[in-house]
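Reader: I am new to this structure, and I would like a friendly tour of it. Could you show it to me before I start asking?

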Amino acid sequence: MKRTSLRRLTLSLAALTFFGALTPALAAPSTPQAGAYAPPLRVLAEDQETIERNAHPTVLAETDQIIVKFAKDVSEQTKESIVEELTDTTAVTESADIVKETIAGAEVIDAGAFLDKAEQAEAVEKLEENPNVEYAEPDYIIAGGLAAIPGNPPNDPHYAGYQWNMRAIDAAGAWRFATGQGIRIGVADTGQTSHPDLNGKMLPGYDFVSTIDHSRDGDGRDPNPNDEGDWGPHYSLVSTWHGTHVAGIAAASTDNGIGVAGVAPNAQIQHARVMGKDGTTYVSDQAAGVAWSAGVPQAGVPNNPTPSHVVNFSEGIVMPTGRCPQVMQDAVNLAHARNVPVIASAGNQGINANTVMPANCLGAIVVGSTSINNTMVGYSNWGPMLDVLAPGGNSAAPLWSTKNTGTYTQGAASYGYLHGTSMAAPHVTGIVALMKERDPNLSVERIREILKATGTSVNGYLMVNARKATEAVVLVPRFALTGAIGNYYWGRGGATHFGQPLGAEFPLRDGGYAQNFDSGTTIYWSPFTGAAPVYFNGAIGSFYRTAGYENAYGYPTDAEHILGPGAIQNFRTATGVETALIWSPQGGVQTLNLKGALYWHWRNNGFTRTLGYPVTGEVPQPDGSITVTFTSGVKLRWTPTGGVTRVGFTDITGSSFAQEIRWLLQAGISTGWSDGTYRPYQAVSRADIAAFLYRLAGSPTYTAPTTPNFKDLPTTHPFYHEISWLAENGISTGWSDGTYRPDQAINRDAMAAFFYRMAGEPSHTAATRSPFTDITANDMFYHEVSWFAATGITTGWLDGTFRPRATVTREAMAAFMYRADQKQLLKNAAK
């Protein structure tokens, strides 16, 4: 099935040959005269002309890219193996590689050659057979998919004479209620041109056309969304400046003495270039541009610092599968989740829109087209996917908006005509911007509901009314949510999580800013921490407030995190001092230096599981040392020369194994009791030994089962985690009746068995003569006790006995563990 890679250097020639064979000539529409509009005499004929003229938009039969979404946590090595297997069994070549990440974690495979429809289907089928793949689909190349028909401009632009569309939706009536102030409109289209009716409101955008074959600017993705011209054989023999035209309808400036007015004249505009020469690019690039416009982070692209409140996507392309590509559906879903509507044109094929992208992407607000006489035009797609209608015009009365004089490359700013559902969509986009000014937290579905409820019936659908829709939105006092604080707010749940803003951003020390919300949360931002919240209704927030806010500890570097029954949040000052504020029910809020040795000893030696939570902060001592005491009773001491040590137990002076017990403390295996004692002569329970052995193994990462291994071990047991680890690693099998008996004291022979299994059951030949007088080869754990003695972990008693049935004391356990560690006998311990 392998083939030699064609690579992209053959694309232009092959595409021209293919395109030239199938592309009809593009006839220029007639030029309407100012003030001469009248309902066309032959509406059906005019509409049919439009359909025929727009018949050439297509999905190319071949593509050299496949979109694949791997299952969660699939390794890079596994991904490479899946791609390699693909090259062995399909037409994908040996040079195939994963070249980029796209929407919702999906990735794009460069097949190394152009695949026809059968080869695409074969590759997709092969990928989806693999259980490590969630879905796969061709990364279709869209050619000429813009849902607009080029037209020629008259000489003298004027709102009253040319913009019949603005009167049809009563845009001027809506301006009494809102003008789009503070709202950002994303235009995912051919890119931007310089224009005096648009320049003052343009925000930095991005170019998502990823290949030189499509970009016409000599490179792939870059931060310059300049429209390089979309002329080509499939769409228009001259450049249409489609993105500029769409932007003008949505939000061109008004009351500036020039040109035209947009529906939302005070809204800002941000271009994402998603269509290149001949209106051509990959679906994955288009999806990335739509998602980025809505503020969804994209791999390999800087985050959008000014995400849009509404995104216009004027395209209409019949998909080979008849469904919305998953990568585009994911983009719409992610925007929807951020309360950012994607306004989609219905397409110009005069068919049911359920096979036309993006109209068939669930969640998009889909717009069909009307003519100057307020009837649905014949070229407009229709069907259940259609939400509303807006003016799109036809060849007899097209739409006048911002354009450019350039035939192929950009010339001077100008005004001109296009018509199609591409022009209908930005009317709705502008209306949504007006609605969002009145209530920026309107949900996508509430917007859809209002647009329909305030619309006028036209041919069985609802034509939008800007004034009624805007007036229907209850005005919410609004404070701007912009920049990094706004991005953090919208990206982490918006009003659902933080509530409504109580005021605008306000400046603080060291170049920082903050904004308060009615949930009791303040989102902070500084140039050295980024954006993060403080929850002032909680203990950490209350402590931060009492200490003096940012004046004491600087700004939060992250949100407050749950830490078992407690919580932790980190802060940084402009001078680089980093502090952790740690709360627990027992210790309240305490502070530790994030760069200090005491904090990192706590983190690296069992953390809260071993030491518990601090009950003091870092306390300077007269001798120059610093101490911290924890809920476990352990006190850590730091000195410049000795580093961090644990302050010893108070009751081990008389123990024969005091040295070993001190080692146990320093190693973090035992923290003793909260009163500072170790209690060396107390028996060790079977639950205790599980905890000690788990810590001796280094407290390995482990997830305990939700169903207990033993019938007498509830999941709420304080050592459930450790006992489960002991069982799953075969160190303890419990009793034959299915119990573990956690509170029962452990015998010395059972202890030997635990150590032997934890050591990996090493090869050992038991002595034929017992090392002890009270244990024989017939005893249950003779083999293990023999190994225990042979390794020097135990020496038995002075009278030559081992006393296998005697319980193990805490001091003896310390000695056993110390010797095993020093001899490195547990280096193969289960992890």
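Reader: Thanks! Which element gives the largest share of the lining of the largest pocket?

Author: First, a word on the basis: this is a predicted model, where local features need pLDDT of at least 70 and side-chain atom pairs count only at pLDDT 80 or more, while totals for chains, interfaces and linings use all residues. Residues are numbered from 1 along each chain as its sequence is written, and side-chain values use heavy atoms, with hydrogens and water left out. The elements that give two or more residues to the lining are α20 (607–610), α22 (686–696) and α23 (720–728) (helices are DSSP runs of H or I with at least four residues, strands are runs of E with at least two, numbered from the N terminus). The largest share, 4 residues, comes from α22.

Reader: What volume does the largest pocket have?

Author: A pocket is an open set of points on a 1 Å grid over the protein atoms alone, with protein on both sides within 12 Å along at least five of seven lines; a cavity is a set where a 1.4 Å probe fits but cannot get out, and lining residues have an atom within 4 Å of a point. Among the 26 lining residues, Arg609, Thr671, Gly672, Arg695 and Phe719 are the closest to the centre of the largest pocket. Counting the space filled by probe spheres set on the points, which are joined across faces, edges and corners, the volume of this pocket is about 600 Å³.

Reader: How much space lies in the largest cavity?

Author: There are 3 cavities of 30 Å³ or more in the structure. Residues lining the largest one include Arg184, His309 and Trp490. The space in this largest cavity is about 80 Å³.

Reader: In what order do the 4 strands of the open sheet stand?

Author: Strands pair if DSSP finds at least two bridges between them. The edge strands, which each pair on one side only, are β3 (97–101) and β5 (133–138). Pairing in this sheet is antiparallel, and the order is β3-β4-β2-β5.
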